[in-house]
Amino acid sequence: MPMSGRAKPVWAAWIGAAGRAFALLSGIAMLLMMAAGALDIVTTNLLSWPIAAAFEFTEAMMVVVVFFALALAQARKSHIRVEVIYERMPRICQRIVDVIQFLLSGVFFGLITYFGWKAAAIGFAQGEYASGIINFPLWPARVAMAVGGTLMTLQCLVDLAGCLLGWQIDDSADMRLGDARPGDSR
Amino acid sequence: MDPVTVGYVSAVALIVLLAIGVPVAVAMGTVGIAGMYLAAGGLFTIGQLRSLPFATVGEYGLAVLPLFVLMGVLSEASGITDELFKAADLWLRRFRGGLYHAVIVGSAAFAAISGSTTVNAVVFTRIAFPKMVEYGYSKSLSIGAIASAGSFAAMIPPSITMVIYAIMTEQSVGQLLIAGVIPGILTALVYLAGTGVLVRLRPSLAPRITVAVTWPERWRALGAVWPIVILVVLVFGGIYSGTFPPSGAGAAGACGAFVFALCRMKRVRGWLIPALQDAAFISCIIFLILIGGLLLSRMLVVTGVIDELVASITSVADTPLKFMVLAALLYLLLGCFLDTTSMMVVTLPFLFPVVVALEIDPIWFGIVLVKLIEISVVTPPVGINLFAVMGAVGSRASFGDVYRGVVPFILFDLVVLALLILFPALATWLPRTMIEG
């Protein structure tokens, strides 16, 4: 993709790099979630000995998987959208739509993040946990959600600023083939 | 503004935002939040914002989604799909149109370990299309077969589409996954029979392949796909027998796929991190759509729009059959613009209450809905699987080839749809026999 516009400031590049690092952590969390689930099945069915807090651990890892991958998904512009009309718009209209979508995304994730931090603070203060064979702390997952949400909100602001100020298009977010292949369900 | 008006204005705002290209999750989420705020006040909205995203993402029952995604991604990364197609090709080559049949059988088998229609179509385009062209098969029908067979992943478990339907409608994930087995196999059989008839009527569509294949070659190829058999038995067997819940089946399947990938690739460098990132990425996008859809759904409930809509729709479509026809038209239209997950999440808050009001079996409705979605992803002008295949084919085929190629398969799908509507037991019998974990 050809470079155009002004260079992106260093802080914006740092946010991009953080997004990539967090996406890696998200992948690792996925592996841990898989291992915990599989181990629990083996020990439950073969030894009648379920792993303590395996469910709660899986739930915490799911939060990490989803919220830590958010910023990179945004940086790669991989969120699912209807592009039939967008692609036929003149460039100026596309830019207006981009501003609207980055603004809405920023507000949406900003709200989730703000209330996420509040819930995390309350959870931490109260030592929130899920009761079971062992009391599994819930607040770290809430913090993970708030951290991932913060990074996502910042990425939305970077995209908004980039769109308004005409920063260079960042190819580094697309460093590999992994374009989203939505579950389609996609 | 009264709450019902807020609900309708929000629905219009959603359509506008989707149309101009705002991401589906963001459009649903922001419209849901704004509508809730206007109709039910700040306190209710804050309560939803505080609890819903965390509760959705941190719900054990939904762990099945990322784990099924991971299983499919790891299986594909291990290269097992190439072996699968090779085995299907060697076994089916002696029949006229054998490569079409190999694509259909291979896609059905891959669908049993992967839940994404697009991934399925793209993978088989890469593996099968060059070979089909090399042997003089019709480009058009080849693309049609690949794009259409790719949609099996929506029906055959582990289907992400089916899991999302179960979550949105609060049905049993296990029952819905198992309900897709017979319709999925039926679709594959109808495709096989249909392409068999087509190549008999027009032999030029599939020249006979004269390259001889020995029996040892066939058995060797079949021996290479045993990991898929193990994964399928592990996942289906576990869910069907109630040995473990769907999320456990996902973990077992993903772990199995991981072990097979490790054995095949010998090392972890170069494929594991990209595969994990891909799986995390896909899961993240699906969950965001779910969060947005649930916020929208809550808003529609609190504004009272759902009650009004159910009354309006049931006054027009007062029988299940009329409603099914309406739903079919809606999904075929939406399939032109939206992917399967978004289509379902956007529409179910409106449609499922009607299903309940008309006392339609939710499992049966789910299967018919997924069938409609399968058809919509290959319906021109802009079915999403068509674009996926076109992207992978590049300049080797035109859109005209693609459109012509999918027509016979859409007709086959309509036959299956008619069978599913006429004989609901095709969808409901198997889940009734299972033991819930």
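Me: Helices (H or I, at least four residues) and strands (E, at least two) are DSSP runs, numbered from the N terminus. With that settled, where is Pro158(B) found?

Reply: Pro158(B) sits in the loop between helix H9 (152-155) and helix H10 (160-169) of chain B. The model is predicted: local features need pLDDT of at least 70, side-chain atom pairs count only at pLDDT 80 or more, and totals for chains, interfaces and linings use all residues. Residues are numbered from 1 along each chain as its sequence is written, chains are lettered from A and ligands numbered from 1 in the order in which they are written, and side-chain values use heavy atoms, with hydrogens and water left out.

Me: What kind of peptide bond joins Pro157(B) and Pro158(B)?

Reply: The bond is cis, with omega at about 5°. Most peptide bonds are trans, and most residues other than glycine have a negative phi. Ser48(A) has a positive phi, near 50°; this residue lies in the loop between H1 and H2 of chain A.

Me: What makes H2(A) and H4(A) roughly parallel to each other?

Reply: Helix H2 (residues 54-75) and helix H4 (residues 139-165) of chain A have axes that come within 8 Å and cross at roughly 5°. Axes are lines fitted to C-alpha atoms, for helices over the stretch in contact, and angles run from 0 to 180 degrees between N-to-C directions. Angles under 35 degrees count as roughly parallel, over 145 as roughly antiparallel, 65 to 115 as roughly perpendicular and the rest as oblique. H2(A) and H4(A) are therefore roughly parallel.

Me: Which residues of H2(A) and H4(A) meet?

Reply: Contact means heavy atoms within 4.5 Å. Among them are Phe67(A) and Phe68(A) in H2(A), and Met145(A), Met152(A) and Asp159(A) in H4(A). By class, this contact has 14 nonpolar, four polar and one charged residues (Ala, Val, Leu, Ile, Met, Phe, Trp, Tyr, Cys and Pro count as nonpolar, Asp, Glu, Lys and Arg as charged, and the others, Gly among them, as polar).

Me: How do you know that Asp159(A) and Lys77(A) meet in a salt bridge?

Reply: Their side chains come to 3.2 Å, N to O, and the rule asks for a side-chain nitrogen of Lys or Arg within 4 Å of a carboxyl oxygen of Asp or Glu. Asp159(A) lies in helix H4 and Lys77(A) in the loop between H2 and H3 of chain A, so the pair ties together parts that are 82 residues apart in sequence. The structure holds eleven salt bridges over all chains.

Me: How much area do chain A and chain B bury between them?

Reply: About 5700 Å², 77% of it on carbon and sulfur atoms; buried area is the accessible area (1.4 Å probe) that two parts lose on being put together, summed over both. The contact takes 63 residues from chain A and 70 residues from chain B. The side of chain A that touches chain B has 40 nonpolar, twelve polar and eleven charged residues. Between the two chains the count is zero salt bridges.

Me: What makes H3(A) and H3(B) roughly perpendicular to each other?

Reply: The axes of H3(A) and helix H3 (residues 42-57) of chain B come within 9 Å and cross at roughly 80°, so the pair counts as roughly perpendicular. Residues that meet here include Phe115(A) and Lys118(A) in H3(A), and Leu49(B) and Arg50(B) in H3(B).
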